[in-house]
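Open the model in your viewer and keep the selection panel at hand. The stops below go in order.

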Amino acid sequence: MPLVLTQLSDDIGTIIMNNSEHLNMLNSAMVDDMLAAFALLENGGARVIIIRATAGAKVWSAGHDINELPLAGRDPLPYDDPLVTILRTIQASVLPVIAMIEGSVWGGACDLALSCDILIGSPHASLTMTPAKISVPYNATGILHFIGIMGVNIAKEMFFSAQPLTAERAQKLGILNHLVPLEELETFTWHLAGSIAGNSPLSIRVIKEQIRLLANAHPLSPQTFERVQGLRRLVYHSDDYAEGIRAFQEKRPPVFNGS
Ligand code: YXS
């Protein structure tokens, strides 16, 4: 069974995460198939892309495959990590990308959903940011991404609490563009995609890249960048990082000792 289904109709491309049995975990195989689907649609004439899970999926995506996280002492989210790669691909795609979210979204999959240009959710959608749950040091790009979209206070609450942000609250905060009844979600998303597909693809492509460049214009001094990376090494060299992964795999609450 393919991990990803790809469809193209009326200039609208759809990438369906088709591994709900394994909660659409963003492991390297799933990401490889998503990257291939992107290339197929970008070169196949699509004017807009919808990313979704299969209908009825309770979990849109459970995020990074924890079993693919490197052992303690190595950066869990390096530049060439599959999850980080798909985030860059979505953000840099010349096509507008819509996340159609029916279920719960976890960890790095939140970053994937937020990398899309427009988020449309049903009342069952939720976003839960989990680094602190398994003692993972999130990366600078990702943290800036969250701050840019939701502001410092909401980003702190999401990262510190690892509690779900409900669809209703996400919509009030402007994180979800639209909160739509489940039975209308597909039609609403398709209609919005159609209105985009009917507009100038060149103008949209230029505006998307302009917004990406201007929104990410953070003057980071080399010293600040090194400091951020040094802080991350504190975590991924820690016992807590290894404990977070071990506890998940052993299905027990983690016992963090802060070192
Ligand atoms: O017991 P089996 O072998 O069937 O495996 C269980 C889970 O262990 C497994 N599973 C995962 N395995 C690896 N990586 C994952 N992200 C992951 N999520 C789940 O899938 C099988 C079914 O899970 P189960 O029984 O818990 O299903 P459920 O319906 O009761 O609960 C669904 C979830 C999503 C609420 C639950 O599976 C869950 O909390 N999963 C972990 C979500 C999470 O923490 N994701 C973040 C991954 S790390 C990441 O994305 C970044 C590195 S970061 O942390 O920095 O954001």
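**Stop one: the sheet**

Select S4 and strand S6 (residues 104-106): the two pair in the parallel sense over two bridges. Pairing requires that DSSP finds at least two bridges between the strands. Strands (E, at least two residues) and helices (H or I, at least four) are DSSP runs, numbered from the N terminus. This is a predicted model, where local features need pLDDT of at least 70, side-chain atom pairs count only at pLDDT 80 or more, and totals for chains, interfaces and linings use all residues. Residues are numbered from 1 along each chain as its sequence is written, and side-chain values use heavy atoms, with hydrogens and water left out.

Click Ser61 next. Val105 in S6 stands opposite.

Now widen the selection. Four strands form an open sheet, ordered S4-S6-S8-S9, with mixed pairing. Strand S4 (59-61) and strand S9 (165-166) are the edges, each pairing on one side only.

**Stop two: across the sheet**

H3 lies across S4, S6 and strand S8 (126-128), at about 110° to S6. Axes are lines fitted to C-alpha atoms, for helices over the stretch in contact; angles run from 0 to 180 degrees between N-to-C directions. Contact means heavy atoms within 4.5 Å.

**Stop three: a helix pair**

Select helix H1 (residues 28-43) and helix H2 (residues 82-92). Their axes come within 9 Å and cross at roughly 20°. H1 and H2 are therefore roughly parallel (angles under 35 degrees).

Show side chains. H1 contributes Ser28, Val31, Met34, Leu35 and Phe38 to the contact; H2 contributes Pro82, Leu83, Thr85, Ile86, Thr89 and Ile90.

Terms used
Parallel < 35°, antiparallel > 145°, perpendicular 65-115°, else oblique.
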